[in-house]
Amino acid sequence: MLATSILALLSLSASSLAWEWEKPAKCGHGHEPKSSINYTTITGFFLQDDAATDPKTFDYTTVNYGLINRAYPTDKEFDRHGKKTQWQRFEHYVDTLNHHADKDTQYKVLFMARHGEGYHNAAETYYGTPAWNCYWGPLDGNGTVVWRDARLTEPGLAQCTKAKAFWARALAEEKIPAPQSYYTSPLLRSATTANLTFGDLELPRARPFKPTIKEFLREGISIRSCDSRSSKSAIAALLGPKFRFEAGFAETDLLWRGGEGEGETAEAQLRRTRTVIDEVFTRDKNTWISWTSHSGQIGVSLGVLGHRVFSLSTGQAIPVLVKARRVRDAAPTTTGAAFTSEATCLAPPVTSLAGVGCVCSGAGSVTAAPTATATAA
């Protein structure tokens, strides 16, 4: 029953979620008018907003998270003597935006971070994307390395150390606002990245690191075993009591269908991403939000938020100033298949093509058994 409920939620539009930051007055026969949320990225504040910034070479840790050195309309009354840092002045500006916003509008700053390098990332680099997608990815590993719900590699752990050092310095010297809320994907590479980045930082007492694990923050759910999550009890045992699970989080993974050769459709990923964003904006009154997940999930999120395409390398991050406005003209409910068949090969393929899939070398395509184990050459 719970599995059916989760899959049904993938078919819902965002307009079906309750709007909680300030519900409208009831009207007519006691029914609240339907509404949806319009998201806008407010540009001009971060280098990542600028089309001239190249995501391939950009490193947020070297440029104050990308915060642009500029003046704000609130500087005159807040920083008369010019002694505040750029982040302090930006924080005051955002607080002022919320203070003057009408009841249907709010602003949040999302610190969106991609996990450090995982063993699945290293395997894809080693084997190449076609072989990874069509043969190696659906397996648990190669007999030496396991990439089901992949852990972090040594370079991935080093990326977390780098992120922690950045935050420690930015909090102490630049006075960057510590996140008020923390959210993470349930996949271990992301949850571990959040833990290693923030877990031991000296944070304000009012803003402790108490992350919430949200199911819909996970990566696009392909047939590859890296997109399968561990059990709730295994996650809890690994991460400890600081991590909390959202209400209704299932013990076992009810979404991954790699064993049946089925992966999530792009439409379904967009729906669940929109759902989790709506949940955060309607149920969390905080302004400064930390969000640790995946390249694909962040990419879809940026699209929902109206941000330009900005691909993140492992261990990289992007801040986004978001304006959310409730509109009574609710978006139409959209439905569609949540999962679709994904063919794989019996051996490493010739190639894989966008919109076509695997081009196998011999006997055609089959559905690989994700629980099988192969040995690397």
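## Helix α7 against α8

L188, A191 and T192 of α7 are in contact (heavy atoms within 4.5 Å) with I235, L238 and L239 of α8. Five residues of this contact are nonpolar, one is polar and none is charged; Ala, Val, Leu, Ile, Met, Phe, Trp, Tyr, Cys and Pro count as nonpolar, Asp, Glu, Lys and Arg as charged, and the others, Gly among them, as polar.

The model is predicted: local features need pLDDT of at least 70 and side-chain atom pairs pLDDT 80 or more, while totals for chains, interfaces and linings use all residues. Residues are numbered from 1 along each chain as its sequence is written, and side-chain values use heavy atoms, without hydrogens and water.

## Geometry of α7 and α8

Helices are DSSP runs (H or I, at least four residues), numbered from the N terminus. Helix α7 spans residues 188-198 and helix α8 residues 232-239; their axes come within 11 Å and cross at roughly 25°. Axes are lines fitted to C-alpha atoms over the stretch in contact, and angles run from 0 to 180 degrees between N-to-C directions. The angle makes α7 roughly parallel to α8 (under 35 degrees). The crossing of these two helices is right-handed, meaning that the near helix is turned clockwise from the far one by less than a right angle.

## Helix α6 against α7

Helix α6 (residues 154-174) packs on α7 at an angle of about 40°, with the axes 7 Å apart. The crossing of α6 and α7 is right-handed.

L157, C160, A163, K164 and W167 of α6 meet T193, L196, T197 and F198 of α7. In this contact of α6 with α7, six residues are nonpolar, two polar and one charged.

How values were computed: Parallel < 35°, antiparallel > 145°, perpendicular 65-115°, else oblique.
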